[in-house]
Amino acid sequence: MAAAAAASLLSSSSTSSLITPTNNLCKMHSAACLDSRLYQLLKGFITSAVYCLPCQKCNVKLYMVTTPGAPFSRHCRRLATNGTVEVDGTNQEDRLIASGDHSPSNLESIYNLERQLDGLFDEVKTLIRLGKENDAFDLLQANYVAVKQQMDTGARGIEEAAILDVIALGYMALSETRMVASVLDVVEQVVEELKDDEPLLDSILLHMGNMYEKVKKFEMAIYQYRRALRIMEKKYGNSSTFLVTPMLGIAKVLGSTGRATESIETYHLVIKILESGRGLVCEELLLPLTSLGNLLSKEGRSSEAENVFKRILDQYIKLYGEKDGRVGMAMCSLAHVKCATGDVHEAINLYKDAFQVLKHSKSIALDDELMEKMRIDVAELLHAVGRGEEGRVLLEECLLITEKYQGKDHPSCVIHLMNLAASYSQFKNFAEAERLLRKSLQIMMKTVPPDDQSITFPMLHLAVVLYNLNRDEEAENFALNALLIREKAFGEESLPVGELCLPILC
């Protein structure tokens with residue numbers, strides 16, 4: 001049966017199947033079969049995140065926002081543990097966030113707490129950077145136990161909320177999402193009892209909103225952002241640029257939970273506030289504009305998205321000049337949208353111009369994964385509109401860059417060899433396609449065991465090419481070997497095997 005399936009696969013295959021608009025030239029077969037040594041997940045062009053605007057009216061430090069003249073409403077309480085924690089052989093009791101009583105009228109108490117919190121988080125980041133994640137976890141846990149003990153005695157003020165906030169941020173830096181969620185539940189109990197005029201509360205709520213979003217508790221995230229927004233509106237008014245941070249958080253969560261219309265309206269309001277407070281051209285506009293453009297694209301409102309990305313490109317040019325690398329990235333984003341509107345040739349021209357800007361600006365390395373992905377995407381686009389020779393130039397560039405930086409026999413070359421083979425196959429140059437595929441197979445045979453499933457990808461492509469060269473017996477042997485490897489790797493009833501056996505049923 002395996003031999004019959006292999007033969008059927010070859011007889012039903014066509015060279016056009018090697019390139020489709022959705023497979024980046026070589027992303028054939030189920031994603032579950034892709035070997036991580038060949039294919040890597042690449043990030044999108046631009047991601048959105050909540051950010052803080054430069055503040056003029058308040059002193060912004062790492063994780064606290066304090067307003068001069070706003071007194072502490074109560075004494076800071078001493079936080080300590082009954083036991084000790086050892087990190088690197090040293091006693092950790094003196095590294096806990098512990099401070100003596102402070103006078104409510106003394107603003108220094110705020111700064112003192114703030115400095116200790118900054119120090120704690122800096123130390124956590126340092127330990128993580130040094131690869132001492134366990135020590136960082138122990139340090140956070142010690143402080144968590146300390147503040148919980150204080151809370152058991154009835155202490156549930158802004159100081160406890162601030163310390164728990166930084167502990168949660170530390171756990172987030174460690175990707176300990178379960179601990180983050182647990183600490184957030186405790187912080188929520190504390191902040192719910194606090195009045196809106198407490199110092200530092202708006203900053204804490206912003207952090208909570210961001211962390212709730214990261215742990216997928218979206219309604220809680222919106223609740224924290226909206227309370228922070230309400231507090232900041234009372235402080236600064238309804239048109240202050242300080243409102244941008246919570247509003248961006250709200251807009252992002254709304255967009256993530258399917259409430260696109262509300263999200264778009266919020267982004268427009270953010271843009272209006274920034275235009276009024278910062279002017280029509282300013283760096284702060286770039287994030288909400290980009291987030292709005294991405295959301296419009298996601299919702300299929302391509303024409304509106306195109307107008308937004310045109311404005312983004314104009315902003316970058318005015319802010320940084322036409323030769324800046326960020327202008328090149330903005331051109332790529334606009335080109336992507338133009339593809340969606342059907343203006344493919346204009347999109348291709350934009351991409352090519354963007355590549356030149358990025359190359360001359362040297363703002364991004366030639367072998368950067370994002371650059372590689374864009375070259376492949378544009379090459380695929382060129383093939384789709386019948387401009388395969390231009391597309392092949394980009395694919396050859398990908399191969400040459402990879403060979404230069406990784407070596408000619410590096411496994412990373414395989415994806416580019418296969419892409420080039422697919423291009424040559426589309427234009428019936430099967431002899432060159434065979435040469436490239438045999439080279440890719442040789443590299444794989446040197447890199448992985450002979451029964452590794454990743455070898456089946458160049459094998460199957462080579463089988464199809466050989467079939468088109470009328471070398472049926474050799475082609476069938478490659479197809480059969482690929483089928484046997486997949487049966488061994490995934491099982492006879494698996495999807496990867498079914499993909500090869502399906503043609504026999506047709």
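**Exercise 1. Determine whether Leu200 is buried or exposed, and describe its place in the chain.**

Solution. Step 1: The relative accessibility of Leu200 is 2%. Step 2: Buried means under 20% relative accessible area, exposed over 50%, and partly exposed in between (1.4 Å probe, protein chains only). Leu200 therefore counts as buried. Step 3: Leu200 belongs to the loop between helix 5 and helix 6 (201-214); helices (H or I, at least four residues) and strands (E, at least two) are DSSP runs, numbered from the N terminus. Step 4: Although Leu200 is not a glycine, its phi is positive, about 75 degrees.

The model is predicted: local features need pLDDT of at least 70, side-chain atom pairs count only at pLDDT 80 or more, and totals for chains, interfaces and linings use all residues. Residues are numbered from 1 along each chain as its sequence is written, and side-chain values use heavy atoms, with hydrogens and water left out.

**Exercise 2. Determine whether Ser175 is buried or exposed, and state its phi.**

Solution. Step 1: Ser175 is found in the loop between helix 4 and helix 5 (177-191). Step 2: Its relative accessibility is 58%, so Ser175 counts as exposed. Step 3: The phi of Ser175 is near 65 degrees, a positive value in a residue other than glycine.

**Exercise 3. Describe the surroundings of Val215.**

Solution. Step 1: Val215 sits in the loop between helix 6 and helix 7 (218-236). Step 2: With 17% relative accessibility, Val215 counts as buried. Step 3: Contact means heavy atoms within 4.5 Å. Apart from neighbours within four places in sequence, Val215 is in contact with Met172, Thr177, Val180 and Leu184. Step 4: For Val215 and Val180, the separation is 35 residues in sequence and 7.9 Å in space, C-alpha to C-alpha.

**Exercise 4. Identify which residues touch the most other members of the largest nonpolar core.**

Solution. Step 1: A nonpolar core is a set of buried Ala, Val, Leu, Ile, Met, Phe, Trp, Tyr and Cys residues joined through side-chain atoms within 4.5 Å. Step 2: The largest such core has 136 residues, of which Leu164, Val191 and Ile204 touch the most other members. Step 3: Helix 4 (residues 158-173) gives the most to this core, namely 10 residues. Step 4: Not counting residues up to four places away in sequence, Ile204 touches Ile158, Ala161, Ala162, Asp165, Val187 and Val191.

**Exercise 5. Describe how helix 14 is placed against helix 16.**

Solution. Step 1: Two packed helices are described by the angle between their axes and the distance between the axes. Step 2: Axes are lines fitted to C-alpha atoms, for helices over the stretch in contact, and angles run from 0 to 180 degrees between N-to-C directions. Step 3: The axes of helix 14 (residues 369-384) and helix 16 (residues 412-426) come within 12 Å and cross at roughly 10 degrees. Helix 14 is therefore roughly parallel to helix 16; angles under 35 degrees count as roughly parallel, over 145 as roughly antiparallel, 65 to 115 as roughly perpendicular and the rest as oblique. Step 4: Helix 14 contributes Glu372, Ile376 and His383 to the contact, and helix 16 contributes His416, Asn419, Ser423 and Gln426. Step 5: By class, this contact has 1 nonpolar, 5 polar and 1 charged residues. Here Ala, Val, Leu, Ile, Met, Phe, Trp, Tyr, Cys and Pro count as nonpolar, Asp, Glu, Lys and Arg as charged, and the others, Gly among them, as polar.
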